[in-house]
Amino acid sequence: MVSLEHSEAAAAGTPRRGRGSRALADRWRALPVLARNLLAAAAALLGIFLLTSVTSPITDLHIASVGYYMLAVAGLQLLIGFSGQISLGHGAFMFIGAYTMALLVLHQPMLPLWLNMAATVVVSCVAGVLVGAATARLHGPYLAGATLALAVGLPSLTVRFPELLGGNNGLSITTRGAPPALSGLITNSQWHAVVVWLTTLIGLVILATISSGRMGRRMRAIRDDEAAAALAGIPVGRTKVIAFVISAGCGGLAGASHTYLLGTATPSSFALTLSLSLLAALVLGGLGSLWGALWGAIALVYFELWGTELAHSLDLSTNVANNVPIVLFGVLLILIVLIWPQGLHGMVRRLGALVRRRG
Amino acid sequence: MNHFIDLTLNGLAAGAVYAALALSLVIIYQATRVINFAQPALALIAVYIAYTVTQATGNYWLGFAAALVTGLVLGAATERILIRPVHGTSPLNAVIVTLGLLLVLQGAAGMIWSNEPHSFPYPLDFRGRFSPSDIFALASVGVAALLLFGLYRATPLGLRMRAAAFHPEAARLTGVRVGLMLMTGWAIASVIGALAGMLATPPFVYPNVLDAVFIFGITAAVVGGLENPFGALVGGLLIGVSLSYVSGYAGPELTTLAALAILVVVLSVRPDGLFTRPTARKV
């Protein structure tokens with residue numbers, strides 16, 4: 001079995017040398033998991049705030065995109081990496097979240113943002129219950145096939161109900177920027193990034209706490225040997241559906257953040273490519289650790305950017321340039337599996353171990 | 001009533017294509033326990049090669065032959081270069097590798113032939129109810145299935161291939177070259193995939209042209225049961241006809257969701273597909 005680091009805080013750079021810092025590290029470890037995760041999340045949010053106060057608005061947008069992709073990939077990590085169910089259709093839940101958010105803003109403009117986000121989570125969790133219950137008996141390739149059909153089929157609903165869902169052009173909304181009280185302190189783009197990351201970090205705290213607790217152990221037991229887990233008294237079906245629902249909720253919330261950030265929800269943003277990219281990011285980052293979701297999300301956002309930039313700088317024809325990111329991503333996926341199956345997180349961890357041994 | 005007959009006949013012709021794709025997935029699944037998500041991309045490259053050959057020579061059937069040969073070569077190469085190294089590791093690895101290949105080949109097709117659609121000819125006349133093209137689709141898939149059945153059941157090669165898939169170690173002891181047999185399975189599957197691509201592509205070819213068809217193909221394979229080639233054929237025709245009714249009576253946008261609904265309903269009654277016998281699992 002792969003050794004797992006599920007608590008965000010466990011690897012969050014706790015000091016390891018000196019007597020005073022060792023006492024501090026001990027006290028840190030003595031804290032309850034939830035408290036550690038919350039503290040780490042607060043630190044991360046502060047970090048995002050400081051980082052975005054020195055970066056340009058366009059970089060803020062990229063940082064915020066990393067945020068919501070990370071939440072979606074982390075949800076997928078819980079499903080695939082921890083509970084061992086392969087979903088190829090996670091973009092469908094982002095689609096549900098994005099459209100729920102857009103519809104709420106358009107039809108109920110007075111509702112506060114946090115309530116919209118909460119409603120989105122509820123809606124996507126309900127969708128997760130439906131899909132999860134329908135697919136609970138499926139395993140491996142059968143589940144992959146069903147989720148694949150979901151990811152391709154769902155966005156076509158927008159064409160079926162053009163008055164409500166806006167057809168191929170999708171829905172666009174306007175979101176409020178920074179609250180007036182903070183207008184001197186924080187720019188609009190910075191505010192957006194902080195809001196998206198706050199949402200993501202709340203989601204991550206929940207994911208990290210769940211996965212290091214009893215539910216997480218049950219999921220890993222099912223992933224490693226379903227029959228043995230059932231014999232040990234673990235309710236296999238229920239645990240699988242719960243994993244599906246949590247992960248659907250994360251996907252929905254990520255979709256809501258996407259709509260909030262970009263102000264649009266279009267069917268083309270939720271095509272099959274998105275679902276495959278999320279899976280790719282997960283594998284790239286490394287299966288079995290929530291940290292992998294961070295590296296994967298960064299790769300997802302910046303690969304697209306660098307690929308496009310690279311193609312432009314090499315002065316390639318548009319046919320070639322348009323397809324550079326997708327080919328790069330595919331090549332990287334294959335190479336990662338063939339050469340380095342632990343993903344980026346495996347690499348980071350090995351580097352960390354090297355540094356520690358030297359120190 | 002006329003409309004109904006039209007829809008049924010159209011559904012059968014479309015179903016033949018889904019059946020061919022499902023068959024190619026099942027052959028590979030039986031041989032190596034891998035769902036080949038790169039199948040639409042392998043078929044896509046074959047179709048583009050056919051497009052180029054047809055453009056150059058002006059002869060559709062030369063292009064058709066070129067597509068089948070391309071499928072053969074690509075399938076064998078994929079197994080040898082990408083699938084064999086991950087054989088026996090986590091099943092997720094094979095899924096990821098084939099998805100990676102899908103992205104690479106679709107991107108490469110866009111780079112070489114551009115993302116814009118090109119017009120692509122039908123094999124025969126396509127006008128009217130149950131046109132010659134439709135008959136050709138049904139007939140060619142039927143012939144391919146019969147050839148395949150003959151190969152697996154009546155030739156020494158087929159026997160070796162079945163042995164290699166059924167019990168690799170025992171097969172190896174009796175002198176069967178297991179790797180070569182698995183590679184042959186991939187090559188044959190991908191020829192059938194290329195055939196499906198040639199039938200499904202017209203009137204236009206562009207990099208994502210086979211995505212939807214692939215979804216229906218995989219649905220057909222899963223509904224029929226991934227272990228069973230006969231199930232794949234029946235599943236394909238079933239999906240083709242049902243989706244034709246959905247498209248005709250409720251609207252073409254709903255076909256993918258209808259495919260999903262059929263999948264969920266069938267699998268909730270029979271989780272391993274219609275035609276797979278339940279197997280005992282050892283704990």
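In what order do the elements of chain B run from the N terminus on? In this predicted model, the order is α-α-α-α-β-α-α-α-α-β-α-α-α.

The overall dimensions of each chain were examined next. The C-alpha trace of chain A extends over about 60 × 55 × 50 Å along its principal axes. Buried residues make up 51% of the 359 in chain A. Of the contacts in chain A between residues at least 6 apart in sequence, 77% link residues at least 24 apart.

Chain B was treated in the same way. With 283 residues, a compact globule would have a radius of gyration near 19 Å, and chain B, at 19 Å, agrees. Its C-alpha atoms occupy a box of roughly 55 × 45 × 35 Å along the principal axes. In chain B, 52% of the 283 residues count as buried, and 73% of the contacts with a separation of 6 or more are between residues 24 or more positions apart.

Helix H2 (residues 33-54) and helix H9 (residues 188-212) of chain A cross at roughly 160 degrees, their axes coming within 9 Å. Because angles over 145 degrees count as roughly antiparallel, H2(A) and H9(A) are assigned to that class. Their crossing is right-handed. On the H2(A) side the contact includes A:Leu34, A:Leu38, A:Leu45, A:Ile48 and A:Phe49, and on the H9(A) side it includes A:Val194, A:Trp197, A:Leu198, A:Leu201 and A:Leu204. By class, the contact of H2(A) with H9(A) consists of 16 nonpolar and six polar residues, with no charged residue.

The second pair in chain A is formed by helix H4 (residues 91-107) and helix H12 (residues 236-262), which pack at an angle of about 50 degrees with their axes 6 Å apart. This angle makes H4(A) oblique to H12(A), and the crossing of the two helices is right-handed. Among the residues of H4(A) in the contact are A:Phe93, A:Met94, A:Phe95 and A:Gly97; H12(A) contributes, among others, A:Gly251, A:Gly252, A:Gly255 and A:Tyr260. The contact of H4(A) with H12(A) holds twelve nonpolar and seven polar residues, and no charged residue.

In chain B, helix H3 (residues 60-86) packs against helix H8 (residues 178-200) at an angle of about 140 degrees, with the axes 7 Å apart. H3(B) is therefore oblique to H8(B). The crossing of H3(B) and H8(B) is right-handed. The residues in the contact of H3(B) with H8(B) comprise 15 nonpolar, seven polar and three charged.

The contact between the two chains involves 39 residues of chain A and 43 residues of chain B. On the side of chain A that touches chain B, at least two residues each come from helix H6 (140-153), helix H7 (157-160), helix H11 (226-231), helix H13 (272-285) and helix H15 (318-339). H15(A) gives the most to this side, with 13 residues. By class, the side of chain A that touches chain B has 29 nonpolar, eight polar and two charged residues.

Definitions and conventions. Residues are numbered from 1 along each chain as its sequence is written. Chains are lettered from A and ligands numbered from 1 in the order in which they are written. This is a predicted model: local features need pLDDT of at least 70, side-chain atom pairs count only at pLDDT 80 or more; totals for chains, interfaces and linings use all residues. Axes are lines fitted to C-alpha atoms, for helices over the stretch in contact, and angles run from 0 to 180 degrees between N-to-C directions. Helices (H or I, at least four residues) and strands (E, at least two) are DSSP runs, numbered from the N terminus. Angles under 35 degrees count as roughly parallel, over 145 as roughly antiparallel, 65 to 115 as roughly perpendicular and the rest as oblique. A crossing is left-handed if the near helix is turned anticlockwise from the far one by less than a right angle, and right-handed if clockwise. Ala, Val, Leu, Ile, Met, Phe, Trp, Tyr, Cys and Pro count as nonpolar, Asp, Glu, Lys and Arg as charged, and the others, Gly among them, as polar. A residue is buried if 20 or more other C-beta atoms lie within 10 Å of its own, exposed if 12 or fewer, and partly exposed in between; C-beta atoms are placed from the backbone. Two residues are in contact if their C-beta atoms, placed from the backbone, lie within 7 Å. The radius of gyration is taken over C-alpha atoms; the globule rule is 2.2 Å times the number of residues to the power 0.38.
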